[in-house]
Amino acid sequence: MIKQLYLICFLLVSTIATSQVIGKVTDTEGVPLPFVNVYIENSYIGTTTNDDGNYKLDTDGYQDDNLDKATVVFQFLGFKTLKKELLLDKKTTILNIILEPETFSLDQVVISSGENPADRIVRMAIENRKKNSEKLTAYTADFYSRGLWKMKDVPEKIMGQEVGDMDGALDSTRTGIVYLSETISKIAYQKPNDFFERVVASKVSGNDNGFSFNSARDANFSFYENTIDINAALVSPIANNGFSYYTYKLEGVFYENGQLINRIKVTPKRPNDRIFSGLIYIVEDSWQLYGVDLTTNGTAIQVPFVEKLVFKQNFSFDDTEDFWVKRSQTIDFSFGFLGFNGDGRFTAVYSNYDFKPVFDEKTFSNEILFFEPEANKKDTLFWTGIRPVPLTDEEITDYIRRDSIQTLRQSKTYLDSIDQKSNKFSLLDPIMGYAYTNSYEKWRLSYKGVFQKINFNTLQGWNVSSGLSFNKWYDENRTKALFVNLDANYGFEDDKLRFSGSISKRFNRLKRNTISVSAGKKVQQFNTSEPISPLINTLSSLFFERNFLKAYDLTYARVNYSQELFNGLSLWAGVGYEERQPLFNQSDQVTIRNKGVSYTSNNPLAPDDFENAAIDSHTIWKSSLVFAIRFGQKYMTYPDGKFNISSGNYPAINLFHTKGFAASNSAYNFDQLHLRVFQSINLKTKGRLNYNLKTGTFINGDDISFADYQHFNGNQTRVGTTFNYTNVFNLLPYYALSTNGSYVEGHLEHDFKGFLLGKVPLINKLNYNLVAGAHFLSTENNKPYTEVSIGMDNLGFGKFRFLRLDYVHSFFDGNDKGAFIFGLKFLNIIE
């Protein structure tokens with residue numbers, strides 16, 4: 001019934017308008033051809049066919065001396081381009097097309113003795129690559145994008161957890177479209193890097209408040225660039241160093257508009273490099289791209305669950321600009337992980353180009369994307385009239401089904417029924433955790449299970465933590481939200497129950513105004529960054545008799561406020577009261593005795609002193625002020641929020657001021673200034689360089705409490721748990737160089753992302769990454785401490801790549817030592 005409604009809408013729009021051409025494109029055997037370029041010759045009025053081969057071409061905007069005539073072009077890689085002349089009579093014209101396979105010939109290719117003809121063509125394309133990439137200095141265009149994700153045979157449970165029907169997306173066979181969206185936008189570009197996109201319309205199947213995330217910026221892949229960034233930097237077949245990565249074969253030539261097109265097969269020299277394989281089409285003499293049909297995979301981009309990525313781009317010739325302009329692009333993908341398997345496609349269509357735009361000083365800024373206020377409120381009639389690529393039967397069915405049940409799924413009766421199922425209590429919930437949700441009233445109450453919160457330390461013995469959290473949101477997109485947490489921790493040896501809690505309110509996502517109040521009592525590591533996790537400390541204590549965790553008893557109350565002052569500058573401010581009490585070892589329990597090793601005291605300054613603490617009992621007030629500066633920060637503006645995009649082009653800067661005042665011992669009052677500069681630099685095929693620099697000093701800090709010292713993230717466990725090591729010294733004892741004076745800290749790490757190991761025979765099949773690092777620390781009245789490291793990342797098997805292994809060597813005060821660090825990155829996810 002509703003399918004008929006879509007048809008009526010389509011016919012109604014067709015009647016109201018407009019001159020248009022509709023039809024179906026197939027091959028000679030009647031097989032529909034998807035994503036054929038369909039456009040009016042010598043214009044940028046165009047569209048593409050959909051998966052079913054259907055198209056709709058609106059011709060109202062076409063103007064020519066012969067207003068009643070137009071030549072419609074049908075162009076598709078691998079098939080002969082076909083042109084049809086039509087009368088434009090303000091009616092709907094039905095035009096079905098059959099395309100014949102292109103005939104590729106080598107008869108006209110002149111081959112010099114010993115020369116691979118493909119090498120000559122590619123060499124000329126590389127020589128002219130930069131010139132061709134810079135031909136279009138500015139333009140505006142209309143952009144249309146459609147995103148589609150499909151899942152198949154989805155398991156009902158993953159690791160014991162119910163998967164559900166994915167918000168109505170899955171049918172009885174556990175298969176269906178889980179994401180379908182469309183975007184209509186206006187884009188503007190100016191050389192070298194100015195870009196702006198205004199989203200006119202956005203539609204997400206089954207969610208009339210949703211916004212599609214398929215934007216023109218994310219679809220902007222140019223093979224004229226040396227590399228294409230898709231998590232990793234993949235080498236373009238016409239990159240300057242393309243011959244180091246590919247071999248080329250000329251499969252044939254054909255003519256279009258009197259220009260010779262070379263069809264070249266691209267084959268990687270090493271299958272596990274950051275590369276593509278497939279076909280590129282290069283125009284003779286201009287050495288421009290006519291089209292690409294290239295494939296890569298999860299190994300190349302280092303996203304193991306991705307199985308395949310297929311890029312197809314089609315270009316048409318512009319006589320005025322003397323350039324082949326991109327008309328359309330499709331990206332097909334498939335994936336699989338933990339029983340979740342599926343595929344999808346992102347389609348992009350460019351039309352109505354203007355290569356002589358007039359821009360003013362307000363056209364471009366750090367805002368790169370803007371959603372018009374009612375962009376996601378367009379009705380079916382609007383979409384039927386403006387959508388350049390017709391929906392397939394499958395997509396129509398999905399829109400109809402999910403839009404029709406959306407109202408039902410938002411009703412109190414339905415939401416209560418879903419909540420009733422998910423809120424069902426099980427016997428394991430007291431251990432694993434439990435959540436009660438009232439979706440209609442928009443709140444959730446969660447109980448934190450104790451299973452992952454049972455730990456051991458020598459200060460409390462065995463201890464267990466649990467808690468409650470309450471989350472309330474006020475709109476579908478959760479722009480305003482309230483968070484309440486209450487945590488409890490009980491230590492069996494010290495027989496103390498400690499409570500802590502917080503209340504936080506986020507007012508919006510434009511400025512991210514957030515205020516929070518927290519208070520309670522807890523065991524606090526001297527280094528508030530907590531460099532040793534409770535789990536790692538439990539294992540190191542019980543099985544290696546090394547109790548690295550050092551802490552004190554903290555009673556506190558704090559108020560914090562944060563917001564973005566303006567783009568690129570954010571503020572965090574807080575003030576709080578602290579009461580600190582020393583702690584002493586309460587347990588000497590060990591599972592496996594370590595010969596020659598015994599537990600140390602809780603005094604980091606004197607590990608063998610079990611009588612005296614590192615701090616005395618005292619109180620202090622502390623205030624903190626942090627400014628975060630992000631130069632050149634780009635951002636996207638949605639009706640309900642602002643989303644910042646980090647940039648590796650500039651370093652990020654954090655400025656800190658911490659003040660201790662009104663302490664019970666006036667000698668503990670102090671001021672601390674701290675500066676952090678960090679950056680992640682994409683070096684394309686050579687990998688990624690990360691650095692993290694810190695420096696600071698204390699004012700009136702000579703006699704402050706050890707709890708307020710500047711502590712550095714050491715590591716004595718030989719286990720790494722972070723994704724990179726730019727904030728840790730892997731061989732530095734945790735508190736060996738803590739200081740109340742001036743300090744300089746630096747970390748540098750380069751992940752080669754296969755740049756070196758990818759070229760080593762046999763090793764390159766493992767897809768490991770070489771990682772090198774250097775670390776430096778200088779503190780007042782101490783000699784410098786340094787570390788250098790070399791290791792391999794992306795270790796693991798198949799799609800599970802969460803391991804890393806490094807050899808680290810340290811140098812300090814005339815001594816040096818080395819050790820292997822085993823990286824367990826999955827612990828960072830678990831904890």
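In this predicted model, strand 2 (residues 37–40) and strand 5 (residues 69–75) are paired in the antiparallel sense, over 4 bridges. Within this pairing, Ile40 has Val72 of strand 5 as its bridge partner. Strands of a sheet pair through backbone hydrogen bonds, either parallel or antiparallel. The two strands belong to an open sheet of 4 strands, arranged in the order 3-2-5-6 with antiparallel pairing. Strand 3 (46–48) and strand 6 (82–87) stand at the edges; each has a single partner strand, and therefore one side of each is left without a neighbour in the sheet. On average, neighbouring strands of this sheet are turned by 20° against each other, direction ignored.

The structure holds 49 aromatic pairs. One of them joins Tyr139 and Phe355, whose ring centres are 6.3 Å apart and whose planes stand at 65°, so the pair is edge-to-face. Tyr139 lies in strand 9 (residues 138–152), whereas Phe355 lies in the loop between strand 22 (340–354) and strand 23 (367–371); the pair therefore ties together parts that are 216 residues apart in sequence. Tyr139 is buried, with a relative accessible area of 14%, and Phe355 is buried with a value of 11%.

Phe254 and Tyr290 also form an edge-to-face aromatic pair, with 5.6 Å from centre to centre and 75° between the planes. Because Phe254 lies in strand 16 (residues 246–256) and Tyr290 in strand 19 (residues 289–296), this pair ties together parts that are 36 residues apart in sequence. Phe254 counts as buried at 6% relative accessibility, and Tyr290 is buried at a relative accessible area of 2%. Both residues are members of one aromatic cluster, which is formed by Phe104, Phe254, Tyr281, Tyr290, Phe317 and Trp324.

Helix 9 (residues 534–544) contains a set of buried residues, namely Ile536, Asn537, Thr538, Ser540, Ser541 and Leu542. After helix 9 comes Glu545, which has a positive phi, near 55°.

Methods:
Residues are numbered from 1 along each chain as its sequence is written. This is a predicted model: local features need pLDDT of at least 70, side-chain atom pairs count only at pLDDT 80 or more; totals for chains, interfaces and linings use all residues. Side-chain values use heavy atoms; hydrogens and water are left out. Two strands pair if DSSP finds at least two bridges between them. Axes are lines fitted to C-alpha atoms, for helices over the stretch in contact, and angles run from 0 to 180 degrees between N-to-C directions. Buried means under 20% relative accessible area, exposed over 50%, partly exposed in between (1.4 Å probe, protein chains only). Rings of Phe, Tyr and Trp (its six-membered ring) pair if their centres lie within 6.5 Å; planes under 30 degrees apart count as stacked, over 60 as edge-to-face and the rest as tilted.
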